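Notebook open. I want to go through the sheets, the turns and the ligand site, one entry at a time.

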Amino acid sequence: MKKILFVTSEAHPLIKTGGLADVCGSLPKALVALSQDVRLIIPYYQALKTTENVRFLFSLRVDNRSINVLETVMPDSGVIVWLVDYPGYYNYPGNPYVDEKGEPWENNAERFGLFCRIAVEVAMNRVGQDWKPDVVHCNDWQTGLVPAFLSLEYERPSTVFTIHNMAYQGLFPLSAVGSLFIPGQLWHPGGLEFHEMLSFIKGGLVYADYITTVSPTYALEIQTAEFGYGLEGLLEYRQASLGGIINGIDLDQWNSETDPYIPQLYSETSLADKLINKTALQTQFGLPVNNKIPLLGLIGRLVEQKGIDLIIECLPEMLTLDLQLVLLGSGDKEYEQQLQGLADLYPDNFAITLGYNEALAHLIEAGADAFLMPSKFEPCGLNQMYSQRYGTIPIVRKTGGLADTVTDTLPETLDNETASGIVFNEASASALLEAIKRCLILYDMPEAWRSMQINAMRKDFSWQRSAEDYLALYERL
Ligand code: ADP
């Protein structure tokens, strides 16, 4: 049995802004199911939802500050959670990274720097809890200083750093080096320095014993200039200690046979029942109710990464086709306004809901016929897996985890029963449009469509498989 300290800035269902939270909610749970001893450590934000009792565990002094650490458990899984309680940094309204107005917290370097310090104290068993992890598993830039600080310790645990998204690096001005008391041994261009800025992510990339990303394809992509943000050289240098492990999905939450958010449960043997969800989805979005018209869905952050500009560019032409599109998301205000304008212009074919809405996300996955993910890059992506589980055909660009989890529909993949979606190459509006047209042709071939749905629903996206890969890695270290 391994003792694993899981360090993260978000974890579903406690607090979530994106896919990172899904992973950090599910992977510890899957590791516990494999009989491992896991603790998750996370800042005690105001917005953090704890339904179970929270109890005081210990306090400590770091960098001249007094910090309490509290203990609770994950509401759905019982995984032990340690909450870093420092109200001056975390007890404010807003999300983990931005304030109520959407501006990054001014003191993010200090907020996550302190969090990393506490994680190191826990990792080194210096908090009076008689628990020393074998492995410290860090996630994204917010935790990047942990492997860096630990590299200076004697008899330290092994470290794993997982990149969920290279686009976010935690870059801060030089002044942060002083305010975080970064030791001189770490402050140089081969260490935490990146073009005279302090780079949190480099702490993980330089100092972790092993680096993972959330899909094998993304592990290769980030070693190129297009996806590496100037860190491709470092990643290539570390390629012997860099690999991809695809995320699983939470099959309890995303199960069309038990989903409490959808009006009609269904399975691969009762696919006709999916239509009831389609009707509910059309009704909810105020679109004409029509069983026959193909209904596409899209859920996600409305940012460039997700290819929203491609959607906007091809929407007018897309909507001349016989289809409907529903979209749920929030993000860049400019995208939101453009999409709202198009929805007003095409009320019979296109409807949007701006905001974050978990229940509606489930209804879209269950009710749509196909799901759009034209991402520019996608470290792993979850919605294409949810879609497949729900017999909703994903239309994806061939990048990152999308390339690794969706099998394009071709004569041979239909024959060998692997076809599960539509995959296109080029990040352009015309390539996206071609893919949508290809989808419509297949939609008109009920037998082919049905076998795509069944192939998709039968795929194994379980966390158990991914957790076994992580465990094998921990054991190797
Ligand atoms: P990313 O982490 O880049 O945002 P992922 O596909 O890995 O993308 O994960 C996004 C997660 O957040 C999915 O679970 C998705 O359903 C959810 N999500 C994103 N936007 C919304 C929204 N507006 N409402 C509900 N769920 C959302």
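Which residue takes a positive phi in the hairpin of strand 4 and strand 5? I looked it up: Gly-78, with phi near 80°. This hairpin has six residues between its strands. I keep in mind that the model is predicted.

**Entry 1: the hairpin strands**

I stayed with this pair. Strand 4 covers residues 65-73 and strand 5 covers residues 80-85. The two pair in the antiparallel sense over six bridges. I checked two positions in strand 4. Val-69 has Val-84 of strand 5 as its bridge partner. Leu-70 stands opposite Leu-83 in strand 5. In a regular strand, side chains alternate between the two faces of the sheet.

Next I took strand 3. Strand 3 joins strand 4 through seven bridges, and the two run antiparallel. Ser-59 has Asn-68 in strand 4 as its bridge partner. Strand 3 and strand 4 also form a hairpin, with two residues between them. Asp-63 sits in that turn and has a positive phi of about 50°.

What is the strand order of the open sheet with nine strands? I read 3-4-5-2-1-6-7-11-12, with mixed pairing. Strand 3 (55-62) and strand 12 (242-244) stand at the edges. Each has a single partner strand, so one side of each is left without a neighbour in the sheet.

Helix 1 lies across strand 1 (3-7), strand 2 (37-43) and strand 6 (135-139). Helix 1 runs at about 155° to strand 2.

Which two residues does a cis peptide bond join? They are His-12 and Pro-13, with omega about 5°. I placed Pro-13 in the loop between strand 1 and helix 1.

I also flagged Glu-155. Its phi is positive, about 55°, although Glu-155 is not a glycine. I found Glu-155 in the loop between helix 4 (145-150) and strand 7 (158-163).

I checked one pair in detail. Strand 14 (residues 324-331) and strand 15 run parallel and are joined by five bridges. Gly-329 has Leu-354 in strand 15 as its bridge partner.

**Entry 2: the ligand site**

How many residues surround the ligand? I count 19. The closest are Gly-19, Arg-301, Lys-306, Gly-355 and Asn-357.

- Arg-301 has a polar side-chain atom 2.7 Å from an oxygen atom of the ligand.
- Lys-306 has an N or O atom in its side chain 2.8 Å from an oxygen atom of the ligand.
- Gly-355 has a polar backbone atom 2.8 Å from a nitrogen atom of the ligand.

How much of the ligand does the protein cover? I get 92% of the 560 Å² of accessible area that the ligand has on its own.

I then sorted the shell by element. Two or more residues each come from helix 1 (19-33), strand 13, strand 14 and helix 14 (383-389). Strand 13 gives the largest share, three residues. By class, the shell divides into six nonpolar, nine polar and four charged residues.

**Entry 3: cross-check**

Technical notes: Residues are numbered from 1 along each chain as its sequence is written. This is a predicted model: local features need pLDDT of at least 70, side-chain atom pairs count only at pLDDT 80 or more; totals for chains, interfaces and linings use all residues. Side-chain values use heavy atoms; hydrogens and water are left out. Two strands pair if DSSP finds at least two bridges between them. Helices (H or I, at least four residues) and strands (E, at least two) are DSSP runs, numbered from the N terminus. A residue is near a molecule or strand if one of its heavy atoms lies within 4 Å of it. A polar contact is a pair of N or O atoms within 3.5 Å; within protein, one must be able to donate a hydrogen and the other to accept it, and residues adjacent in sequence count only if both atoms are side-chain atoms. Accessible areas come from the Shrake-Rupley method with a 1.4 Å probe; for residues, only the protein chains shown count as cover. Ala, Val, Leu, Ile, Met, Phe, Trp, Tyr, Cys and Pro count as nonpolar, Asp, Glu, Lys and Arg as charged, and the others, Gly among them, as polar. Contact means heavy atoms within 4.5 Å. Axes are lines fitted to C-alpha atoms, for helices over the stretch in contact, and angles run from 0 to 180 degrees between N-to-C directions.
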